[in-house]
Amino acid sequence: MKIYIVGDSGPEHNSIFSIHKTYKGALGSWNKLRKKLLSEAKYHLKKSDKWSRDIYKRIVKNLACTDPKKIDNYPHETPYISEYKLEE
């Protein structure tokens, strides 16, 4: 049996948000998490000073990727799906 874990990671953290029995369920959860992170980045972009504006522009661009296998937002929060095989 396989399970799929949805979370986000960065250089100093790894957070798990949900566990799913199907990849389809994980993909839906991953997309919600990605959109949440994207919304937060857009908010910070609006509020940022000139120095951090470029950082948030890059984060917004990276989080716009809709493919969990291709997304790369390192070193900032990057949503992921991990697949694990469970032994019974």
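Over how many bridges do S1 and S2 pair, and in which sense? In this predicted model, the two strands pair in the antiparallel sense, and seven bridges join them. S1 and S2 also form a hairpin, in which two residues stand between the one strand and the other. Within this pairing, Asp8 has Ser15 in S2 as its bridge partner, while Tyr4 stands opposite His20 in S2.

Strands of a sheet pair through backbone hydrogen bonds, in either a parallel or an antiparallel way. Between S1 and S3, which run antiparallel, there are eight bridges, and for Lys2 the bridge partner in S3 is Lys85. S1 is mostly covered, since seven of its nine residues are buried.

A search of the whole structure finds one aromatic pair. Tyr4 and Tyr23 form this pair, which is edge-to-face, with 5.7 Å from centre to centre and 80° between the planes; the angle qualifies because planes over 60 degrees apart count as edge-to-face. Tyr4 lies in strand S1 (residues 2-10) and Tyr23 lies in helix H1 (residues 23-47), so the pair ties together parts of the chain that are 19 residues apart in sequence. The two residues can also be described by their accessibility: Tyr4 counts as buried, at 10% relative accessibility, whereas Tyr23 is partly exposed, with a relative accessible area of 31%. These assignments follow because buried means under 20% relative accessible area, and partly exposed covers values between that limit and 50%.

Attention may next be given to the nonpolar residues. In soluble globular proteins, nonpolar side chains tend to be buried together. In this model, the largest nonpolar core has 13 residues, and those with the most contacts inside it are Val6, Ala26, Trp30, Ala41, Leu63 and Ile81. The elements that give two or more residues to this core are S1, H1 and H2, and H1 gives the most, with six residues. Ala41, one of the residues with the most contacts inside the core, is in contact with Tyr56, Ile59, Val60 and Leu63 when its neighbours within four places in sequence are left aside.

Although Asp72 and Asn62 are ten residues apart along the chain, their C-alpha atoms are separated by 6.3 Å. When residues up to four places away in sequence are not counted, Asp72 touches Asn62 and Thr78. A polar atom of the side chain of Asp72 also lies 3.2 Å from the backbone nitrogen of Tyr74.

Asn73 lies in the loop between H2 and S3 as well, and at 1% relative accessibility it counts as buried. With residues up to four places away in sequence again left out, Asn73 touches Arg58, Ile59, Asn62, Leu63 and Thr78. Among these contacts is Leu63, which is also one of the residues with the most contacts inside the largest nonpolar core.

Pro75 likewise has its place in the loop between H2 and S3. Most residues other than glycine have a negative phi, and most peptide bonds are trans. The peptide bond from Tyr74 to Pro75, by contrast, is cis, with omega near 10°.

Methods: Residues numbered from 1 in each chain as written. Predicted model: local features only at pLDDT ≥ 70, side-chain atom pairs only at ≥ 80, totals over all residues. Heavy atoms only, no water. Phe/Tyr/Trp six-rings, centres within 6.5 Å; stacked < 30°, edge-to-face > 60°. Helix = DSSP H or I, 4+ residues; strand = E, 2+ residues; numbered from the N terminus. Buried < 20%, exposed > 50% of the residue type's maximum accessible area, 1.4 Å probe, protein only. Pairing = 2+ DSSP bridges. Contact = heavy atoms within 4.5 Å. Polar contact = N/O pair within 3.5 Å; in protein donor to acceptor, adjacent residues only side chain to side chain. Core = buried A, V, L, I, M, F, W, Y, C linked by side-chain atoms within 4.5 Å.
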